[in-house]
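This report looks at one helix and at the charged and aromatic side-chain pairs of a protein model. The sequence and structure come first.

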Amino acid sequence: MAQVKLSAGGGSSSDSVDQTGTKVAEGYDAALSFVTFAYGPRKRRDFAKDNYFAVPREDYVTGNVTGMRVAKELMAYMERAQRAPAILPSIFRDVAVALAEDHQDGLGRRGAAVGFISVIESMLLGAARAFDHGKYCQRRITELEGYSAEYAQRQADEKVAFRARMVAGKRAKRAAREASNV
């Protein structure tokens, strides 16, 4: 399968197509070599086959090392970034998928998933001990509760306004019909 390296902005630097006519791009960013995207003929997202944990099928121990290297790449990327990448939930989802896979013929991606998780687990333990997470989480919870109440009020206001527009439109239509029948 032909693959194209994506530029740092996420756009493809050249067009390359595999045997099935699917455009394939490899790497979300130079630091994330384990993220791949495959686009359909018209680059429609519904034809896309994204893999956010594209690691090779290896024996368990070699896969463990690969998973640790992937985690190292992700942490290096996040260290340079202003905030966590938007694809982070997709990475964790695909790691979970790899974790659930069986090793066939002694090869698989489970070892890589375990290696990745072990590094992330260590990082979370270190952060939990070094960071005042209780205060941070409480502040975020308070912010989101305020936003939730504001959002609910805005939705209720929009619903009332929509209903008023529909009633006014119905009345106008009735008035127009009655005026044309006179």
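The model is predicted. Helix 2 spans residues 88-100, 13 residues in all. From its first C-alpha to its last it reaches 19 Å, close to the expected 18 Å. Leu 88, Ser 90, Ile 91, Asp 94, Val 95 and Ala 98 are the buried residues of helix 2. Viewed down the axis of helix 2, these buried residues fall within an arc of 155 degrees, so they line one face of the helix. Their cover includes helix 1 (60-80) and helix 3 (110-130). On the face turned away from the buried side, helix 2 carries the exposed residues Pro 89 and Ala 100.

The structure holds five salt bridges.

Arg 109 is buried, with a relative accessible area of 11%, and Glu 101 is partly exposed at 28%. Arg 140 is partly exposed at 37%, and Glu 143 is partly exposed at 44%. Arg 140 and Glu 143 lie three residues apart in helix 4 (residues 133-181), about one helical turn.

Four aromatic pairs are counted. Phe 53, Phe 92 and Phe 116 are linked into a cluster by ring pairs.

How values were computed. Residues numbered from 1 in each chain as written. Predicted model: local features only at pLDDT ≥ 70, side-chain atom pairs only at ≥ 80, totals over all residues. Heavy atoms only, no water. Helix = DSSP H or I, 4+ residues; strand = E, 2+ residues; numbered from the N terminus. Expected span 1.5 Å × (residues − 1). Buried < 20%, exposed > 50% of the residue type's maximum accessible area, 1.4 Å probe, protein only. Arc of directions from axis to C-beta. Contact = heavy atoms within 4.5 Å. Phe/Tyr/Trp six-rings, centres within 6.5 Å; stacked < 30°, edge-to-face > 60°. Salt bridge = Lys/Arg side-chain N within 4 Å of Asp/Glu carboxyl O.
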